[in-house]
Amino acid sequence: MNAIPGTVGTDTAQVPDPDDRSTFALNVNGTSHTLTLDHRTTVLDALREHLGLTGAKKGCDHGQCGACTVLVDGRRANSCLLLAVAQADARITTVEGLADGDRLHPLQSAFLERDALQCGYCTPGQLCSAVGMLGEAEDGFPSHVTPQNRLAADGPAPLGAEEIRERMSGNLCRCGAYPHIVEAIEDVTP
């Protein structure tokens, strides 16, 4: 980093070194966006500050609350922990990309029907996490509470309320809408 010419003192402003930026394409919700960003820019900041997609929220900024959850190549991920430049070849889906035009994703409809949101801050992350979690269960991935006799079984993992709570435990809700969130997810489980 170089100091801005003409500044004086120890508290000088810094100009980003052009070598600290890269131009790359970020595929978000099926659309490719060419961005030139600082290498340290997270996916969350790229989405919110550079693409205007504000569904994913900045909660803890440490990967502990799940408010920033998006899908990366179909898998749920905390976007506050991912560097945007490292996701150039990935397909990112945000809550804005779950619906099919004016038709809501079945989970979005279930959240509305079950009143599975209160203030709504965590809802985009909850929805993306639930979509990813349903995919993981469909692919047979076990969780901590999956019964031992199912660990080696082929096929989808069964999703009861306890299994859903465990799989969604990385997404926090300060309003405490958890019972309705679980019910909404149960409504769309196969």
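Two strands pair here if DSSP finds at least two bridges between them. Helices (H or I, at least four residues) and strands (E, at least two) are DSSP runs, numbered from the N terminus. With that in hand, look at T23, which stands opposite T36 in β4. Strand β3 (residues 21–28) and β4 pair in the antiparallel sense, over 8 bridges.

A word on what you're looking at: this is a predicted model, where local features need pLDDT of at least 70 and side-chain atom pairs count only at pLDDT 80 or more, while totals for chains, interfaces and linings use all residues. Residues are numbered from 1 along each chain as its sequence is written, and side-chain values use heavy atoms, with hydrogens and water left out.

Now zoom out. The chain has 5 helices and 7 strands, and along the sequence they come as β-β-β-β-α-β-β-β-α-α-α-α. In general, strands of a sheet pair through backbone hydrogen bonds, either parallel or antiparallel. In this chain, 5 strands make an open sheet with mixed pairing, in the order β4-β3-β7-β5-β6. At the edges stand β4 (31–38) and β6 (75–78), each with a single partner strand, so one side of each has no neighbour in the sheet. From one strand to the next, the twist averages 40°; for angles like the ones below, axes are lines fitted to C-alpha atoms (for helices over the stretch in contact), and angles run from 0 to 180 degrees between N-to-C directions.

What packs on this sheet? Helix α1 (residues 43–50) does, touching β3, β4, β5 (69–72) and β7 (91–93), with its direction at about 105° to that of β4. Contact means heavy atoms within 4.5 Å. Helix α3 (residues 123–138) also packs on the sheet; it touches β5, β6 and β7, and its direction makes about 40° with that of β5.

α3 has a helix partner too: helix α2 (residues 106–113) packs with α3 at an angle of about 130°, their axes 10 Å apart. The two are therefore oblique to each other, given that angles under 35 degrees count as roughly parallel, over 145 as roughly antiparallel, 65 to 115 as roughly perpendicular and the rest as oblique. Where do they meet? L107, Q108 and F111 in α2 meet T123, Q126, L127, A130, V131 and L134 in α3.
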